[in-house]
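Please look over the sequence and the structure first.

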Amino acid sequence: MKSFKKLFTSKPKPHIPESSFKIGGMGSLKVLDVIPSPEDDSHKLKKAFQGFGTDEDGIIEILGHRDANQRKKIRETYHQLYNETLVDALKSELSGDFGKAVILWTYDPSERDARLANEALKSKKKGIKHLEIIVEMSCASSPQHIVAVRQAYCTLFDHSVEEDIVASVPPPLRKILVGLVTSYRYDKEVVDTDVANLEADRLHEAIKTKDLAHDDVVFILSTRNFYQLRTTFECYKKKHGNPIDKDIEKSGKGDLESLLRMVMLCIDSPEKHFAEVVGTSIIGLGTDEDSLTRAIISRAEIDMMKVKSEYLNIYKSSLDDAVTGDTSGDYRNFLVTLLGGKI
């Protein structure tokens with residue numbers, strides 16, 4: 001439930017020195033150098049849920065500084081200690097965009113994406129934007145992740161994500177998406193330039209004849225490893241004069257063209273794709289909180305520092321400042337925490 005505690009108290013936020021944190025890789029998530037035990041974290045979370053109101057700051061301080069493996073241990077330990085799931089406890093205590101963000105963050109990443117994919121496929125809203133999560137989990141994640149998402153989807157919903165794509169997405173979009181979600185790409189940096197040149201020509205022919213859902217296009221985009229595909233896109237530009245996404249854009253303005261441009265951007269530069277997701281979610285009238293939440297939660301442990309850099313290149317402003325200026329309250333504090341900022 002919404003907290004009333006802040007109306008009556010002004011409890012100082014817990015202070016942890018910056019030197020106590022570490023950031024892994026290109027992610028923005030700050031994790032403590034010395035992590036409390038899952039038992040300690042579980043007890044503190046339970047305490048945050050008890051009493052008059054909810055201690056949102058305490059929840060942010062714990063979950064906002066734990067990586068996926070640490071959050072998994074907390075989920076397991078909390079369930080063992082209190083005979084209820086942490087997610088159920090959070091659902092009963094939190095609401096709105098803040099609640100949704102914390103719950104999505106608390107899920108295992110594969111379960112999170114499976115639930116987001118199901119929500120998108122069951123949505124009454126139709127169009128390319130609601131399919132972003134399907135493309136992202138297929139083209140901006142590891143092969144192991146998409147397999148884990150498919151397994152989680154089957155466990156959660158008693159049928160496959162492919163079945164739901166076929167049931168809810170019109171052709172020829174479904175052909176592209178089924179190919180992407182069922183692929184298992186090689187994940188090492190192995191490139192054959194001869195193949196790249198041949199397939200660049202094949203893609204050019206498909207674009208020229210407006211046969212964008214040709215079997216060859218689906219095969220190339222859904223089976224080649226990301227390094228191979230990036231080389232293919234480079235060969236395409238050298239041989240045919242334009243970036244491949246620009247030629248697709250010239251060939252038409254329909255959903256298929258939009259979907260393929262999204263696929264190619266996620267493959268070629270996932271950080272640019274997510275920078276644009278953040279930008280379009282906050283620029284203009286209103287805020288698309290669902291897209292903003294998904295982008296930050298999806299990339300906080302992966303490449304958010306690259307996303308921030310790309311955002312600066314595109315919009316000539318700071319992603320952190322944009323998020324801070326367009327959100328408020330506990331929701332803003334949680335997103336800023338995941339972005340590595342201070343609240």
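Glu162 is buried in this predicted model, because its relative accessible area of 16% falls under the 20% cut-off. The residue belongs to helix α10, which covers residues 161–168.

**Around Glu162**
- Apart from neighbours within four places in sequence, Glu162 makes contact with Arg150, Val178, Val181 and Thr182.

**Largest pocket**
- The volume of the largest pocket is about 670 Å³.
- Its lining is made up of 23 residues, and those closest to the centre are Asp245, Arg261, Met264, Leu265 and Lys272.
- Four helices supply at least two lining residues each: α14 (226–240), α15 (244–251), α16 (255–268) and α17 (270–282).
- The most residues, six, come from α16.
- By class, the lining of the largest pocket holds 11 charged, eight nonpolar and four polar residues.

**Second largest pocket**
- The second largest pocket has a volume of about 440 Å³.
- It is lined by 17 residues, of which Lys129, His130, Asp290, Ser291 and Arg294 are the closest to its centre.
- Two or more lining residues come from each of α6 (96–106), α7 (109–122), α8 (132–139) and α18 (289–299).

Terms used: Residues numbered from 1 in each chain as written. Predicted model: local features only at pLDDT ≥ 70, side-chain atom pairs only at ≥ 80, totals over all residues. Heavy atoms only, no water. Buried < 20%, exposed > 50% of the residue type's maximum accessible area, 1.4 Å probe, protein only. Contact = heavy atoms within 4.5 Å. 1 Å grid on protein atoms, 1.4 Å probe; cavity = no way out; pocket = protein on both sides within 12 Å on 5 of 7 lines; lining within 4 Å. Points joined across faces, edges and corners; volume = space filled by probe spheres on them. Nonpolar A, V, L, I, M, F, W, Y, C, P; charged D, E, K, R; others polar.
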